[in-house]
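Hello,

Here is the structure I promised to pass on to you. Have a look at it first, and my notes follow below.

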Amino acid sequence: MKNINMKSIISGLMAFSMLLFFSCEFEDQVDPNNPNLQQYNEDATVNELNNIVVGMESGMRNGLALYVTSTGTIARELYLFNADPRNTEDLLGKNGGQLDNNVFYLNGPYNGSYTNVKNANILLNALDNTEFVSDQEKAGYRGFANTVIALQELRVLNMLDENGIRIDVADPDDLGPFVSKEAALAHIADLLNTANTQLGNAGSTFPFDLSTGFDGFDTPATFTQFNRALAARVAIYREEWGSVAGLLTDSFFDPSGDLTVGPKHSFSTASGDQLNGLFKIPGNNGDMIVVHDRFIENAEAGDLRIARKMTERENAASQDGLNGEYETALYPSPTSPIDIIRNEELVLISAEAKLQNGDIPGAIADLDIIRDYAGLDPYSGAETENAVTDELLKQRQYSLWCEGHAMVDLRRYGRLNANNLPIDRAGDQVFSEFPVPLTEND
């Protein structure tokens, strides 16, 4: 078996990304930073199992900022101006260059995701070899673990796309092959469905605590709503339009409710914890996320999302022949939470499914919810599939700006190319996917 990323990840992973959330405490029975894997393979205690859960929730954040900025750069929704020139060279294909297959913007999200998949597999294995928790409690752990695996694998697939991903990684000495995009999406959907069944058998409470980011989604019943929301996202990626309405019904979708509701990644200044990597000091000149001008130029007058998410710089930013007058204001502090999925996205998912099912008036009604929240008048354009598709993608790009969706959405609709996106420097390119990491190649 070749020594691929997964192997090297696993050899050092037993720190478990145990970054303690400020709302969690551990007893002294186990050192989460230096655990012995054997103790998890044989009769793991509730405390030991819960340590892994904490590490998994923490690990969901690893590589997230790089995923958002690298995919966002390719999709021309932002630029990351800092000391590393590869953010404005590689990701934009400067002078005909290609994406590197052994570099931080690929390896960070890839390694972060698969490290957490391994954490989940350790938890699942421990559950098979312990008698300290009941079958009902095991169902809760398993439903949580399989939901996290699905989310992490989807992030990798969103980057690699037609290159596919590995889905059989439970045994680091006998890893399964890369499978196609279609097979990977089917597997992710099946994982979410399996987790949904497990959560249904988990009783009314979890035997573990989650961070404050999961307030309102921290019981088997409410975590199931999160699971079904992710399943709805996967369904539109698979173009399983007929299944979306039912999945949304079982999620926390509420077209008349608060569009900001949803589980979030939480951050803190506590020792060992992480800060929000997408927060940037306002007006900074050395490290900034700059809004691509197209979002300012194409915005409708009065769109509140510009003021909510972006702010004009006192001095325009410039680097490597690229310029921008606005910067991110999406996160007001380094401990601001980051949405995993929220009701606003679910309304957009509902609109897309209705559009694809031929219900154009229903799609417009959903889009008007988004427009109203953005301070805009109801949609008044043509009620045709093409026109409403344009409107859908525009609303998704503004509502989900700098959240890792633009590259995927443009690609799904055949618009991730130089014909549909601006080329700001002669010789730049638009990439459709990231390469397979070097250490994964034969």
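**What I found**

D161 is buried, because its relative accessible area is 6% and the cut-off for buried is under 20%. Please keep in mind that this is a predicted model. D161 sits in the loop that links α6 (135-160) and β2 (165-166). Its backbone is worth a look too: D161 is not a glycine, yet its phi is positive, at about 50°.

D43 also has a positive phi of about 50° without being a glycine. The loop holding D43 runs between α2 (37-41) and α3 (46-59). With a relative accessibility of 40%, D43 counts as partly exposed.

Next, the cavity. At least two lining residues come from each of α4 (64-74), α6, α8 (220-237) and β8 (338-339). Sorted by class, the lining has 10 nonpolar, five polar and four charged residues.

Finally, strand β1 (residues 78-81) is covered on both faces. L78 and L80 are buried on one side, and Y79 and F81 are buried on the other. Strand β1 runs antiparallel to β5 (residues 288-291), and four bridges join the two. In β5, I289 is the bridge partner of L80.

Best wishes

Note on methods:
Residues are numbered from 1 along each chain as its sequence is written. This is a predicted model: local features need pLDDT of at least 70, side-chain atom pairs count only at pLDDT 80 or more; totals for chains, interfaces and linings use all residues. Side-chain values use heavy atoms; hydrogens and water are left out. Buried means under 20% relative accessible area, exposed over 50%, partly exposed in between (1.4 Å probe, protein chains only). Two strands pair if DSSP finds at least two bridges between them. Ala, Val, Leu, Ile, Met, Phe, Trp, Tyr, Cys and Pro count as nonpolar, Asp, Glu, Lys and Arg as charged, and the others, Gly among them, as polar.
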